[in-house]
Amino acid sequence: MDWQALWLTARLAALVSTILVVISIPLAHWIVFNRRRWTFLVESVVSLPLVLPPTVMGFYLLMATGTRSPLGRLWNEWTGHPLAFTFEGLVVASVFYSLPFAVQPVAAAFAQIDPTLREASATLGASRLRTFLRVVLPLSIEGVVAGLVLSFAHTVGEFGVVLMVGGNLPGVTRTISIAVYDHVQALQYREATLTALFMLAFSFAVLLMVYGLRRRPLAAAPMA
Amino acid sequence: MTLSARLTKRLTSGFALDVSFVVEPGVTILFGASGSGKTTILRCVAGLTRPDAGRVAVGERVLFDSQSPRDVPVPERRLGYVFQQLALFPHMTVAENIAYGLAALPRGERQQRVVEAAGSFHIEGLLGRRPDQISGGERQRTALARALVTDPDALLLDEPLSALDYAIQRHIMDDLRRWNEARRIPVLYVTHSHREAFALGDRLLALEQGRVVASGSPHEVLDHPAHAPLAALAGFENLFAATVAARSERGGTMRCLLAGTSTELEVPLGAAPVGAPVRIALRAGDILLADREPAGLSARNILRGTVAASTMHGTTVVATIDAGARFLVHLTPGGADTLGLQPGNPVWLVIKTYSCRVAHPRDSAGQ
């Protein structure tokens, strides 16, 4: 087992999924509750990583984080080191790559809430923020947890984007999926088998969590 | 304090709302068939739907005015709203639901108000339960307590009791009336049930296709319905267009010719002059049937007809009798068996003068 790669992957996924929950809650709220005609445009952009080949996604992200792009230059000036081929660069790329996996479950949970509950909250004097904190969020907590878990798992499992943006620097950008690839390339089948088995067990456990959670009728049942 | 509203609203479906009314303190019924615009009116008053034009005010406080323009946000309107689906927060207890609108109050006072409101609606024993752990009637009481505990300036109720037993409806309405005795706020109560309208309303606004077609006490409006949809909702299965043929001031009656027939009915004397068009409403349960010509009755209308059809609806037999005009008659299965209601058989209709409710369309149209 490549413990260094495992620890790096865990740190990356935890950081990315935390950032994504913070981003996806307001983003999903906007997508579900605003009434602008071009909402579908934002939805499509958010969902692009679902259909784009990871290498294409990784290519654009590499261009965006390289020292020749405005973002890459700005980062270089602030921090004194480039963004591409660093852990931070990997975090930025992963946030974009896993965005739909966080936004979609949260948006689905928001959309499921009976609109009269929000109206009732308003007639009882509650502001939009209070309605969100007291009614919408508590009734969507499963969706938020699902978004957290799925984006964590998806970040753990990414390969193409990491290879494009991060390369393969042990302790910096070498995640566990890259490690498996490396082992196979070096004909180290024993290590590859162990690591792959670990990933399989982990992914299965995550899905058990997500689907097991959905069976709990905590807030799903609408009131007659 | 009174609630006044003037609203116009055109929906994409082609439906157009155009109403103007005043709601005095007490219960005013907003009565009409589904699709007549009742809920749209409530939503416009509450600010949940934006009218195209108009003005909404409670007392001196203007909530909406398309001229000024002014549109007070929903949370600042201070109106209680009870939704048809109740919209209780499923993740909160009864107490938390009731306390929801009292966020600005200090904790102690909030708890005291919750207990007081729960007591008024007899749910003080359920404060720790969640909405899915209490009965339908208890949920209605919770929704009412939640809306009223905030001391709103007016109360808007969208068919809140229609799913409940009559006895429970009465109890809840009694509690609501008691609550409102001291406060005297205008209550606008939407329903399409004439029973609820009679039992609960001080005044009634009858709505048809987005317009107020009649207003007055529930008895004034619903006992003499001039419009077919209103008549059906008010429990009058028969509504005939007719003209006044003769008036008898001394007898307190007049004879009316049913349109398109040679059938005449004697009805109570009204304001309509001879030759004027009137509508005659008649409950299907107020008509008697006989299998031979009856004699020696006080009833003034005895019409010969033939059975056109008879069908069972639950425990009621609905017979259609052709006597020039078509009459719907309700009978018990036993009564129908005695008569042998075969299509084509001759029957006599017996109708008391005072069972006929006459509306002079010009009287009750508009306000």
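**View 1. Gln209(B) sits in the loop that joins strand S10 (203-208) to strand S11 (211-216) of chain B.** The model is predicted, so that local features are given only at pLDDT of at least 70 and side-chain atom pairs only at pLDDT 80 or more, whereas totals for chains, interfaces and linings use all residues. Residues are numbered from 1 along each chain as its sequence is written, and chains are lettered from A and ligands numbered from 1 in the order in which they are written. Helices (H or I, at least four residues) and strands (E, at least two) are DSSP runs numbered from the N terminus. Although Gln209(B) is not a glycine, its phi is positive, at about 45 degrees. Because 16 other C-beta atoms lie within 10 Å, Gln209(B) is classed as partly exposed, a class between buried (20 or more such atoms within 10 Å) and exposed (12 or fewer), with C-beta atoms placed from the backbone.

**View 2. Glu159(B) occupies the loop between strand S8 (154-158) and helix H5 (166-183) of chain B.** Glu159(B), which is not a glycine, has a positive phi of about 40 degrees. Most residues other than glycine have a negative phi, and most peptide bonds are trans. With 21 other C-beta atoms within 10 Å, Glu159(B) is buried.

**View 3. A cis peptide bond leads from Ser68(B) to Pro69(B).** The omega of this bond is near -20 degrees, and Pro69(B) itself belongs to the loop between strand S5 (61-65) and strand S6 (70-71) of chain B.

**View 4. Pro106(B) is found in the loop that runs between helix H2 (94-99) and helix H3 (107-120) of chain B.** Pro106(B) counts as exposed because it has 8 C-beta neighbours inside 10 Å.

**View 5. In chain A, helix H1 (residues 3-33) packs against helix H5 (residues 87-112) at an angle of about 45 degrees, with the axes 7 Å apart.** H1(A) is therefore oblique to H5(A), a term for angles that are neither under 35 degrees (roughly parallel), nor over 145 (roughly antiparallel), nor 65 to 115 (roughly perpendicular). The crossing of H1(A) and H5(A) is right-handed, that is, the near helix is turned clockwise from the far one by less than a right angle. The contact of H1(A) with H5(A) has 21 nonpolar, four polar and no charged residues.

**View 6. H1(A) also meets helix H8 (residues 141-157) of chain A, the two axes coming within 8 Å and crossing at roughly 140 degrees.** H1(A) is therefore oblique to H8(A), and the crossing of H1(A) with H8(A) is right-handed.

**View 7. The largest nonpolar core holds 158 residues, of which Leu156(B), Ala206(B) and Ile280(B) touch the most other members.** H5(A) gives the most to this core, contributing twelve residues. Such a core is a set of buried Ala, Val, Leu, Ile, Met, Phe, Trp, Tyr and Cys residues joined through C-beta atoms within 7 Å. At least three residues of this core come from each of domain 1 (3-229) and domain 2 (235-364) of chain B.

**View 8. Chain B contains ten helices and 21 strands.** Its C-alpha atoms fill a box of roughly 75 × 50 × 40 Å along the principal axes, and 41% of the 367 residues in chain B are buried.

Terms used. Axes are lines fitted to C-alpha atoms, for helices over the stretch in contact, and angles run from 0 to 180 degrees between N-to-C directions. Ala, Val, Leu, Ile, Met, Phe, Trp, Tyr, Cys and Pro count as nonpolar, Asp, Glu, Lys and Arg as charged, and the others, Gly among them, as polar. Domain bounds come from an automatic or database domain assignment.
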